[in-house]
Amino acid sequence: MLPHLPEKLVWQFSKRYIAGETMEDGIAVARQLNAEGIEVTMDLLGEFISNLQQAEANKNNYLELIDRFTSEKIKGNFSLKPTMFGLLLDQEVCYQHLRAIVQKAKDCNSFVRVDMEDSQCVDPELDIFKRLKKEFSGYVGLVVQAYLRRTFNDIMDLNKLPANGHPLNFRLCKGIYIEPAEIAYKEYQSVRDHYIEDLEFMLRHQIYVGIATHDKYLVEQALELIKRYRVSKDLYEFQMLYGVTPDLRKSIVEQGHRMRVYVPFGKDWFGYSTRRLKENPKMANHIIKALFFR
Ligand code: FAD
């Protein structure tokens, strides 16, 4: 258990990883990254809501953000967490909010990625994704987590969906939540091995993949697979979190691969940071590093 953390201390750690509290802050960071040849995916913070008014407000904020990106010609797309739109309160309301956001993205020729949350959310998030994919094929994608024992089967199952003119579009990550051993691989190398197995399947089946990792070993393995299967540059990209491993990020960009940075912003930065710390105590090491090795 982590002790109660004062807001000031958490901010010291968080400011490297969060664009700021406002939409303007998010847009400023997106522009900066665009200038370095990097695309973005924007994440409005605020995962846990207690009523559906908050879900409605979150939807409106995303709609405004998509408008701003379009009118200001910023290179990027949008990531969202279904719990912010009422997934755990009313799944149909959540679906309708996501539908409105993906419709907006389609109208603006953009793209929305549905983040994957903790294991209780996986089935409802897969259901919502399947419905959205049917209607908005090329404008919506999903995250899959290599640490879940079910994931390889989920990928194979999703690969049977009708293509509707566009390949599937996944972000592949290790997974950030603490899950029991019955449902998730716990051993570090085992998660890596399953990540590679999932990635190889995607690359062999022409599934578009966002290779989301800061693990140098996985980046090297991914580059090998891309070479081995002669994967076209328009079928993959690398993805990293804002503020994390900027040197590795730079070296990937310099080798000519597409890079997208996940940019969280919003007033709920405190909740976001402390939840991440509770979910993954390893992050506490990053706080200490950020505080003492600045
Ligand atoms: P690790 O072994 O954890 O990290 C490798 C190295 O990277 C570490 O040794 C450290 O030096 C550095 N590092 C990694 N993370 C940090 C950090 N936060 N701060 C400082 N240094 C760090 N998870 C989900 O469950 N659902 C999602 O929807 C989701 N979306 C993501 C989107 C993107 C673009 C990325 C990059 C990650 C996302 N994640 C998501 C998180 C992911 O599942 C992992 O928990 C996280 O990326 C750490 O795994 P890693 O592959 O980087 O390997």
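Predicted model: local features only at pLDDT ≥ 70, side-chain atom pairs only at ≥ 80, totals over all residues.
**Exercise 1. Work out how helices α3 and α4 are oriented to each other, and which residues make the contact.**

Let's start with the geometry. Helix α3 covers residues 52–71 and helix α4 covers residues 91–107; they pack at an angle of about 10 degrees, with their axes 9 Å apart. Next, apply the cut-off: angles under 35 degrees count as roughly parallel. The two helices are therefore roughly parallel to each other. Now look at the contact. From α3 come Leu52, Ala55, Glu56, Lys59, Tyr62, Leu63, Ile66 and Asp67, while α4 brings Val93, His97, Ala100, Ile101, Lys104 and Ala105. Sorting these residues gives nine nonpolar, one polar and four charged.

**Exercise 2. Find the largest nonpolar core and the residues with the most contacts inside it.**

The largest core holds 85 residues, and the most contacts inside it belong to Met42, Phe69, Leu142, Phe170, Leu199, Ile211 and Phe238. Helix α7 (residues 188–204) supplies the largest share, seven residues. Another core, of 10 residues, lies apart from it and includes Phe13, Tyr17, Ile18 and Trp269. Now zoom in on Phe238: leaving out residues up to four places away in sequence, its partners include Ile211, Val219, Leu223, Ile252 and Met259.

**Exercise 3. Decide whether Ser14 is buried or exposed, and find what it touches.**

The side chain of Ser14 reaches the backbone oxygen of Val10 at 2.7 Å. Beyond residues up to four places away in sequence, Ser14 touches Trp269 and Ser273.

Methods. Residues numbered from 1 in each chain as written. Heavy atoms only, no water. Axes fitted to C-alpha atoms, helices over the stretch in contact; angles between N-to-C directions. Helix = DSSP H or I, 4+ residues; strand = E, 2+ residues; numbered from the N terminus. Parallel < 35°, antiparallel > 145°, perpendicular 65-115°, else oblique. Contact = heavy atoms within 4.5 Å. Nonpolar A, V, L, I, M, F, W, Y, C, P; charged D, E, K, R; others polar. Core = buried A, V, L, I, M, F, W, Y, C linked by side-chain atoms within 4.5 Å. Buried < 20%, exposed > 50% of the residue type's maximum accessible area, 1.4 Å probe, protein only. Polar contact = N/O pair within 3.5 Å; in protein donor to acceptor, adjacent residues only side chain to side chain.
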